[in-house]
Amino acid sequence: MEKFQGNPVSNGIAVGEVYKYVPYQAVVEEATVGAEEVKAEIAKFDAAKAGAQKELEAIRANLEKNDPEKAKIFSAHLEILNDPALDDGVREKIEDDNFAVKWAIEKTFTKFIKMLSRVKDDLIRERIPDMQDVKGRLLRNCDGVAEVNLAALTKPVIVVAHDLFPSDTASLNRAMVKAIVTEVGGATSHTAIIARSYEIPALLGVTGAMDILKDDQVVAVDAVDGELVTDPDAETVAFYEEKARKNAIHVAETKKYLGVTPVTKDGVRIEVELNIASGSVQELENAKYTDGVGLFRSEFLYMGRTELPTEEEQVTIYKKVLTEYGDRPVILRTMDIGGDKKLDCMELPVEENPFLGNRAVRLSFTYPEIFKTQLRAALRAAVAGNLWVMFPMIGSMDDIRKAKGYVEECRQELAAEGVPYGEIKIGIMVEIPSIAMIADIAAKEVDFCSIGTNDLTQYSTAVDRMNPAVSKYYQTYHPALFRLIGHVVKSFNEAGKEVSVCGEMGGDKLAAAVLMGLGMRRLSMGASGLAQTKKMITHVTIPQVEEMARTVVNLPTAGDVEAYLKEALADVL
Amino acid sequence: MVKKATVIKNKTGLHARPASDFVQAASKFESKIKIRRVDDEDEEADAKSIIFLLSLGLCQGEEVEIIAKGEDEQEAVDTLIALIDSGFGETEE
């Protein structure tokens, strides 16, 4: 048994036998012809082109009936085949340089592929496989060989290939392909798109897969966590079969509820927001299913690099997220460094007790220049959307006033420089019990707050959440936490200020119901919690969750709370 | 020869489907048509070649010029400018 890593681009898990797919590879050698043969070579090119045209039109016509999306890929191939610049290029090489037809095709395509590979845009570079596919089709037609593809599989297998071209996958028989593994390819490649549309698990970028794997060898493909296991033993097979079963249920649920509007049975709209880290394309795919960004963990912009992110860089990233969300709010948490998050671009002293140390906004106060760079970037980006700025690790009114002072300073600087900036809302993260206790006072000083339940739990229960020796004392369902959260929610609701939750609890379907019962109407969570939380919301009424909240705050232990919630929500989940 | 400039309005620029639409529209004309990026480097491409057009990588907000030469040059320029100005049917957000 050996394990290999890959890039999971299409969700799923499968165990099966390897089928190594090697498409027809035309042999192309540098070759020229005599002047008298030029005409014949041109005729060969015309014939190959006509043959390719016929094949492509047939595939496209076949797909248009039941899969118009995939038919478009072949329209793009026809477009390339008929590109006048390519056509001229091949003809010139035959006529002027006396190249043999295959050599002329090879050289011309290579030149154009090189040209495209220099374009910075990923989407354009992803067109290169299309060009290679068309080139291969032309060369094969020059050899007079018929097309081979994945339509001919007779038993269900795991298809392993160096790369799959659209032509290989378009005709594949879904029932015969358990999973796809390739040595190259990214998340936006054709293989990835096709695999997702067929719902075939796909693991791309498995280096050396064609050398490592043998035909008929049994492998487990885990395209959830990005792993491939060769020759799994019975125990491992059972593990993956169970994981596959659970995953299938999860995927089906997700699909059903991801797109629904989160309204309770008695008609109360709950805002479901997304937690993001870097604002990547994958993260923003969920923008359409969410009412805003409840937590933009900006510290990820500072991590894994040797230089601090510049103001311009931050403006660009913040604007990208703001633009994607339009009028919907985006809550940007200023950098939360320290504690469990270390930096390469900033040397920080090692502390005895980092979670109780100089972290988050405290660190920002220590390095005001870095803090102000971020605040300036946020203010400038705010012209692009609805930006709310939130300070982490606020423990007192002094902290709030100090942070707001820096915002004002940045505003004045930008105004003096004549740099345009936008309006922002200012809020705090409630994760230290001291500020939670005086939430009624804090609510007067800020526009909103968001409850960070992970740290609030850690600080309330006095448990270092990184220390496994005390993990059993870290009790998310501790009744004290629900009392504390209830106080914060009530205080902010009474002050007419927005309150949300962005810790793990927001995406925990049991706890989220209680939070709603405590008066919370905004829940933010990671993408994986969206569907199940939306499902819970649409199955409860407000009086029902209020009753649950009243019960929970009077139960004696976390264990009692969990048992009660599981029973109370059994019908819903 | 006829030429006219405009600014690309749609969000995705001349990539993907808009690029295909553009090439298809250009190919209907007899004239030789070029599309040029109006900047310091003055890069231009055959408007009927999808590959050349893609390799220009034209984005939203960039100024381009359409240059046509041939019998239907006026109509070609007018049609292609109108197509770019229409935003290729992409809705504003």
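User: Among contacts in chain B between residues at least 6 apart in sequence, what share joins residues at least 24 apart?

Analyst: The share is 72%. A contact here means heavy atoms within 4.5 Å. This is a predicted model, where local features need pLDDT of at least 70 and side-chain atom pairs count only at pLDDT 80 or more, while totals for chains, interfaces and linings use all residues. Residues are numbered from 1 along each chain as its sequence is written, chains are lettered from A and ligands numbered from 1 in written order, and side-chain values use heavy atoms, leaving out hydrogens and water.

User: What is the corresponding share in chain A?

Analyst: In chain A, 68% of the contacts between residues at least 6 apart join residues at least 24 apart.

User: What makes a residue count as buried, and what share of each chain does?

Analyst: A residue is buried under 20% relative accessible area, exposed over 50%, and partly exposed in between (1.4 Å probe, protein chains only). By that rule, 49% of the 93 residues in chain B are buried. For chain A, 52% of 573 residues count as buried.

User: Why is α20(A) called largely enclosed?

Analyst: Eight of its nine residues are buried, so the rest of the structure largely encloses α20(A). The buried ones are A:L510, A:A511, A:A512, A:A513, A:V514, A:L515, A:M516 and A:G517. The cover includes α19, β15 (498-501), β16 (522-525), α21 (530-539), α22 and α23 (558-568) of chain A.

User: How are helices α20 and α22 of chain A set against each other?

Analyst: Helix α20 (residues 509-517) and helix α22 (residues 542-552) of chain A pack at about 100°, with axes 7 Å apart. That makes α20(A) roughly perpendicular to α22(A). The classes are: under 35 degrees roughly parallel, over 145 roughly antiparallel, 65 to 115 roughly perpendicular, and the rest oblique. Axes are lines fitted to C-alpha atoms, for helices over the stretch in contact, and angles run from 0 to 180 degrees between N-to-C directions.

User: Which residues meet there?

Analyst: From α20(A) come A:A513, A:V514, A:M516 and A:G517; from α22(A) come A:V545, A:E546, A:M548, A:A549 and A:V552. They divide into seven nonpolar, one polar and one charged. Ala, Val, Leu, Ile, Met, Phe, Trp, Tyr, Cys and Pro count as nonpolar; Asp, Glu, Lys and Arg as charged; the others, Gly among them, as polar.

User: Why is α4(A) called roughly antiparallel to α6(A)?

Analyst: Helix α4 (residues 101-117) and helix α6 (residues 128-143) of chain A cross at roughly 180°, their axes coming within 10 Å. So α4(A) is roughly antiparallel to α6(A). Residues making the contact include A:F109 and A:F112 of α4(A), and A:L138 and A:C142 of α6(A). The contact has twelve nonpolar, two polar and four charged residues.

User: Is A:C142 buried or partly exposed?

Analyst: A:C142 has a relative accessible area of 22%, so the label is partly exposed.

User: What makes the phi of A:A360 and A:M393 worth a look?

Analyst: Both are positive in a residue other than glycine: near 55° for A:A360 and near 60° for A:M393. A:A360 lies in the loop between β11 (329-333) and α13 (361-366) of chain A. A:M393 is in the loop between β12 (386-391) and α15 (397-417) of chain A. A:A360 has 1% relative accessible area, so it is buried. A:M393, at 1%, also counts as buried.

Terms used. Helices (H or I, at least four residues) and strands (E, at least two) are DSSP runs, numbered from the N terminus.
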